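Could you walk me through this model in the viewer? I would like to know what to select next and what is there.

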Amino acid sequence: MQKYEQFLCFKEYYFGIVFFYLFNSFTCSKSPLSFLVNYLYLCLLIVGMKKIQMVDLVSQYEKIKPTVLPLIEDIMSKAQFINGPEVAAFKNELQEYLDVKHVIPCANGTDALQISLMSLGLKPGDEVITPSFTYIATTEVIALLGLRPVFVEVDPNTFCIDPKSLSAALTSKTKAIVPVHLYGQSANMEAVMSFAKANNLYVVEDNAQAIGSDYIFSSGEKQKTGTIGDIGCTSFFPSKNLGCFGDGGAICTNNDALAEKIKMIANHGQSKKYHHDVVGCNSRLDNLQAGILRIKLRKLDAYIQARQKAAGMYDAAFLENKQITIPFRSSNSTHVFHQYTLKLNGVNRDEVHEKLASKGIPSMIYYPIPAHKQKMFDHFKIDCSLPVTDSLTTQVLSLPMHTELEEEQINFIIESILDCLN
Ligand SMILES: Cc1ncc(COP(=O)(O)O)c(C=O)c1O
């Protein structure tokens with residue numbers, strides 16, 4: 001029934017009737033039963049093709065397949081799996097795209113954050129300020145390294161770290177801030193950087209969700225997110241705006257000394273072959289993933305535009321609805337819409353989520369439990385009040401957002417949401 005509803009909104013349905021009527025008339029069978037069977041088969045085909053997904057990586061792959069397959073074949077035939085030429089080329093191309101001095105590829109976004117914090121020479125018990133409203137990786141690595149996460153509030157509009165909350169979180173042990181560019185839009189980096197400078201703190205940007213986004217300074221000058229703080233971290237998880245076909249990540253910095261240290265840490269703390277100067281780890285982006293990322297990096301701006309177009313359609317449809325708050329557009333940042341996340345007001349969000357699912361429309365809750373309420377941090381005996389964060393966890397709902405969304409699908413999602421709210 002749900003698929004049938006989804007199916008009904010497509011004009012192919014009506015063309016299908018005409019097409020199949022004609023097809024049946026001209027082919028052998030004229031019985032109504034055969035017509036019905038054939039037509040149901042067509043319905044299934046169309047419904048299958050048009051299934052709405054949160055992220056449609058298969059359709060995206062189909063479009064780059066002619067470039068990807070020869071690359072895979074080439075790498076396989078040369079058995080260039082680790083530290084191959086694609087890694088070096090990707091590193092250079094990403095440096096150019098981001099306009100940053102150093103990119104150090106690594107195994108995933110979580111490693112990128114961990115290695116970055118390791119490079120700062122912090123001591124156990126040092127404090128790192130970070131929002132609680134984020135993916136767990138941001139905060140988990142802080143605790144993993146024996147540091148103390150200090151959770152602060154997010155801005156009620158951007159859902160990114162609220163610079164006004166920083167001074168209350170500052171102690172003599174504070175050493176760093178990890179702002180997160182949530183959903184694809186930059187945190188207020190000017191305010192974060194000026195607080196960090198005044199208090200001699202490092203800034204490590206979690207740019208996993210915002211690669212390609214521009215931060216716009218009050219002077220009008222633009223700079224890519226992830227290149228503003230001391231270090232920026234990103235993830236190439238498949239569903240990310242720049243995603244590979246497995247795990248991948250990268251660290252970027254304009255600081256030569258930090259870059260050297262980061263390279264060393266990511267490679268077993270090795271300064272030269274078999275000389276291990278610091279305790280490090282093994283975190284590499286493999287050659288195959290780097291090659292795929294090179295292909296997708298060339299398309300990143302077009303991918304972002306496709307996401308922005310879909311977001312524009314959602315925005316226009318929901319703008320006037322009082323039960324819905326559309327994603328805020330900060331004047332200090334472009335939005336690359338890793339997620340298109342609504343805030344639902346005076347509505348049972350979970351009910352909407354379920355009703356949409358019953359119509360065949362997936363939606364997600366990023367994030368239902370804030371970090372400061374996660375059991376893994378119980379031993380820190382965290383005692384903080386974060387009302388904006390807490391209320392967001394009950395209000396946010398992310399809609400399907402990817403590069404392959406079709407207008408008919410978006411319209412169907414919009415109609416269904418408005419239906420659920422009536
Ligand atoms: C904000 C944020 N930080 C860090 C990560 C971790 O990236 P990865 O999954 O590549 O380890 C993610 C990935 O989902 C993320 O969304």
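This is a predicted model: local features need pLDDT of at least 70, side-chain atom pairs count only at pLDDT 80 or more; totals for chains, interfaces and linings use all residues.

**Stop one: the ligand.** Select the ligand and the 15 residues around it; N108, G109, T110, A208 and S235 come nearest. Next, colour α6 and α7 (136-144), the elements that each give two or more residues to this shell. By residue type, the shell holds five nonpolar, eight polar and two charged residues.

**Stop two: the sheet.** Now show the strands. You will find an open, mixed sheet of seven, in the order β1-β9-β8-β5-β4-β2-β3. Look at its edges, where β1 (102-106) and β3 (148-152) each have a single partner strand, so one side of each is left without a neighbour in the sheet. From one strand to the next, the twist averages 25°.

For a closer look, select β4 (residues 174-177) and β5 (residues 202-206): these strands run parallel and are joined by two bridges. Click on I177 and you can find its bridge partner, V203, in β5.

**Stop three: helix α6.** Select residues 109-118. This helix, α6, lies across β1, β5, β8 (231-235) and β9 (249-253), and runs at about 160° to β8.

To see the contact, show I115, S116 and M118 of α6 with I262, I265 and A266 of α10. Five of these contact residues are nonpolar, one is polar and none is charged.

Conventions: Residues are numbered from 1 along each chain as its sequence is written. Two strands pair if DSSP finds at least two bridges between them. Helices (H or I, at least four residues) and strands (E, at least two) are DSSP runs, numbered from the N terminus. Axes are lines fitted to C-alpha atoms, for helices over the stretch in contact, and angles run from 0 to 180 degrees between N-to-C directions. Two residues are in contact if their C-beta atoms, placed from the backbone, lie within 7 Å. A residue is near a molecule or strand if its C-beta atom, placed from the backbone, lies within 6 Å of it. Ala, Val, Leu, Ile, Met, Phe, Trp, Tyr, Cys and Pro count as nonpolar, Asp, Glu, Lys and Arg as charged, and the others, Gly among them, as polar.
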